[in-house]
Amino acid sequence: MKKIAWTYAVALVIFAAFARQTLQTLKTLFPPVFICISPWIVFALVLLALLTVLFKKSWASPLVAAAVFSFLIVLLLLVSIKKPEERMHLFIYGFLGFIFAFDDFREKRPEAFIRACVFCFFVAIIDEAFQYILPSRIGDLRDIGFGTTGGVWGATVALLLSSTIRGKR
């Protein structure tokens, strides 16, 4: 699984070179409403999946509290971020945090959460540094924060999901 996470991280950084053009193409293919609402659809689907898992756990668990807190932070960011392309950082890096952490959690490695968060943070730094040197892109410190927050969110979902899977064994 780690190979997948590293491959995804490299692809994410390389994709930065032409992400703006891809977004412009999507804006011509789909109505503006679709571009604005798609992050909300993804958020709702992940939330529904997580609620399904949460109903099988004790609500007093610190893990559930962490999951609810991370969803509230992501919800707050979704509301406050006006540009859809900036919202996508939460999901792109959320997936990265999830795939990086999931295998470690299944093997009961407690440091997996921290490693996934640090990994997402460094990938976000490399991504923005790469964008800074590209003539058509701008590296932004806020995007590092959005990416790291997404990575934490994904790692939290992985932690919750893997603990539920482990509990069934």
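These notebook entries record what I looked up in the structure.

**Basis.** I worked from a predicted model, in which local features need pLDDT of at least 70, side-chain atom pairs count only at pLDDT 80 or more, and totals for chains, interfaces and linings use all residues. Residues are numbered from 1 along each chain as its sequence is written, and side-chain values use heavy atoms, with hydrogens and water left out.

For burial I used relative accessible area: buried is under 20%, exposed is over 50%, and partly exposed lies in between (1.4 Å probe, protein chains only). The core holds 36 residues, and Phe43, Leu96, Val123 and Trp153 touch the most other members. Two or more residues come from each of helix H1 (2-15), helix H3 (32-54), helix H4 (62-80), helix H5 (84-106), helix H6 (112-133) and helix H7 (141-168). The most, 10 residues, come from H5. Helices here are DSSP runs (H or I, at least four residues), numbered from the N terminus.

**Tryptophan 153.** I then listed contacts, meaning heavy atoms within 4.5 Å. With residues up to four places away in sequence not counted, tryptophan 153 touches Phe43, Val46, Ser70, Phe71, Val74, Leu90 and Phe91. Phe43, one of these, is also among the core members with the most partners.

**Glutamine 131.** I placed glutamine 131 in helix H6. The residue is buried because its relative accessible area is 4%. Apart from neighbours within four places in sequence, glutamine 131 is in contact with Ala16, Arg137, Ile138 and Gly139.

**Cysteines.** I searched for disulfides, defined as pairs of cysteine sulfur atoms within 2.5 Å, and found 0. Seen from cysteine 120, the nearest cysteine sulfur is that of cysteine 117. I noted cysteine 117 as buried, at 12% relative accessible area, and cysteine 120 as buried, at 0%.

**Salt bridges.** I required a side-chain nitrogen of Lys or Arg within 4 Å of a carboxyl oxygen of Asp or Glu, and the count came to 2 salt bridges. One joins glutamate 111 and arginine 115, at 4.0 Å from N to O. Glutamate 111 is partly exposed at 36% relative accessibility, and arginine 115 is partly exposed at 34%. Another joins arginine 142 and aspartate 140, at 3.3 Å from N to O. Arginine 142 is partly exposed at 45%, and aspartate 140 is partly exposed at 21%.

**Surface patch.** I looked for nonpolar patches, made of Val, Leu, Ile, Met, Phe, Trp or Tyr residues with over 30% relative accessible area and no salt bridge, their side chains joined within 5 Å. Accessible areas come from the Shrake-Rupley method with a 1.4 Å probe. One patch consists of Leu26, Leu29, Phe30, Val33, Phe34, Ile37, Ile41, Leu45 and Leu48, with about 840 Å² of accessible area together. Helix H2 (19-29) and H3 each supply at least two of its residues, and H3 gives the most, 6 residues. I checked leucine 48, which lies in helix H3; the residue counts as exposed because its relative accessible area is 54%.

Definitions and conventions. Core = buried A, V, L, I, M, F, W, Y, C linked by side-chain atoms within 4.5 Å. Patch = residues over 30% accessible without salt bridge, like charges linked within 9 Å, V, L, I, M, F, W, Y side chains within 5 Å.
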